[in-house]
Amino acid sequence: MATYEETFLFPADDGLFADTFSENNRYEFCGQELNISQVFSANLGVAAPVWDAAVHLCRHFEEKLFGLKGKRIIELGAGTGIVGILAARLGADVTLTDLPIAVSQLQKNVLANVPSSGWPSVPPNVRPLSWGQDQHRFPSDWDMVLGADIVYLSETYPLLLDTLVHLSQNGAIVYLSSKMRGEHGTPRFYEENLPHRFNVHLVQRDPKHNINIYQATLKNEQT
């Protein structure tokens with residue numbers, strides 16, 4: 001299994017991937033084999049790779065024996081779609097979202113991972129979503145909201161928080177897996193921004209890779 005190490009991270013137009021090339025990798029979680037294409041290009045930038053935090057979230061679902069069948073799940077900043085596609089392979093009704101530039105990569109990976117017997121629930125739905133701008137085009141009745149390595153640009157934190165609040169209004173459980181980059185204020189998001197509106201719990205800590213997984217639920221506004 002290959003994941004992208006963060007020798008460089010930001011921004012997408014900084015010559016990160018001056019040449020366009022693709023790479024296919026196979027992953028296995030929960031007895032499901034996934035074939036994930038990563039299209040490295042200046043346009044996709046950080047949406048191109050499978051980040052370590054996404055692999056950690058998949059493994060967390062595997063280790064905790066999460067029952068995802070029948071769950072309505074939305075993934076934010078899905079990138080390659082590995083987390084949401086795994087959930088769909090396990091029977092969840094999944095919507096994968098990211099910026100419009102990443103939609104084609106998501107669609108390609110969905111098509112590459114259709115089970116031989118068909119999707120156990122419904123095929124993943126791929127839609128563009130820009131945080132803080134068009135989240136209201138999406139419903140608020142999800143069972144789970146997922147995000148893997150989406151907390152890395154401090155200027156997007158208020159937009160992400162607004163989006164999470166909208167999507168979680170009917171009791172969704174949020175799972176966020178993050179590389180804890182102090183230089184980008186990632187710990188501050190979980191210590192200050194997210195607790196402002198959510199009850200936040202650290203459910204897994206990997207000190208070797210500096211990756212945390214958090215569970216969050218929206219606070220009752222009357223408390």
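**Cores and salt bridges in a predicted model**

By buried I mean under 20% relative accessible area, with exposed being over 50% and partly exposed in between (1.4 Å probe, protein chains only). Asp134 makes a salt bridge with Arg137, and their closest N and O atoms are 3.0 Å apart. For a salt bridge, a side-chain nitrogen of Lys or Arg has to be within 4 Å of a carboxyl oxygen of Asp or Glu. Arg137 counts as partly exposed, at 43% relative accessibility.

A quick word on the source: this is a predicted model, where local features need pLDDT of at least 70 and side-chain atom pairs count only at pLDDT 80 or more, while totals for chains, interfaces and linings use all residues. Residues are numbered from 1 along each chain as its sequence is written, and side-chain values use heavy atoms, leaving out hydrogens and water.

Back to the charges. The structure holds 4 salt bridges. In another of them, Asp149 meets Arg181 at 2.8 Å, N to O. Asp149 sits in the loop between S6 and H4, and Arg181 in the loop between S7 and helix H5 (186-193), so this pair ties together parts that are 32 residues apart in sequence. Helices (H or I, at least four residues) and strands (E, at least two) are DSSP runs, numbered from the N terminus. Both partners are buried: Asp149 has a relative accessible area of 6%, and Arg181 is at 3%.

Compare Arg26 and Glu33, whose closest N and O atoms are 3.7 Å apart in their salt bridge. Here Arg26 is exposed at 59%, and Glu33 is partly exposed at 43%.

Now, which residues touch the most other members of the largest nonpolar core? Among its 32 residues, those are Phe29, Ile73, Ile82, Val83 and Leu96. A nonpolar core here is a set of buried Ala, Val, Leu, Ile, Met, Phe, Trp, Tyr and Cys residues joined through side-chain atoms within 4.5 Å. H2 gives the largest share of this core, 6 residues. Apart from this core lies another, of 25 residues, including Leu76, Trp131, Val145 and Leu160.

Last stop: Ser168, in the loop between helix H4 (157-167) and strand S7 (173-179). Is Ser168 buried or exposed? Ser168 is buried, at 1% relative accessibility. Leaving aside residues up to four places away in sequence, Ser168 touches Ser140, Val145, Val174, Phe198 and Leu218, where contact means heavy atoms within 4.5 Å. Thanks, everyone!
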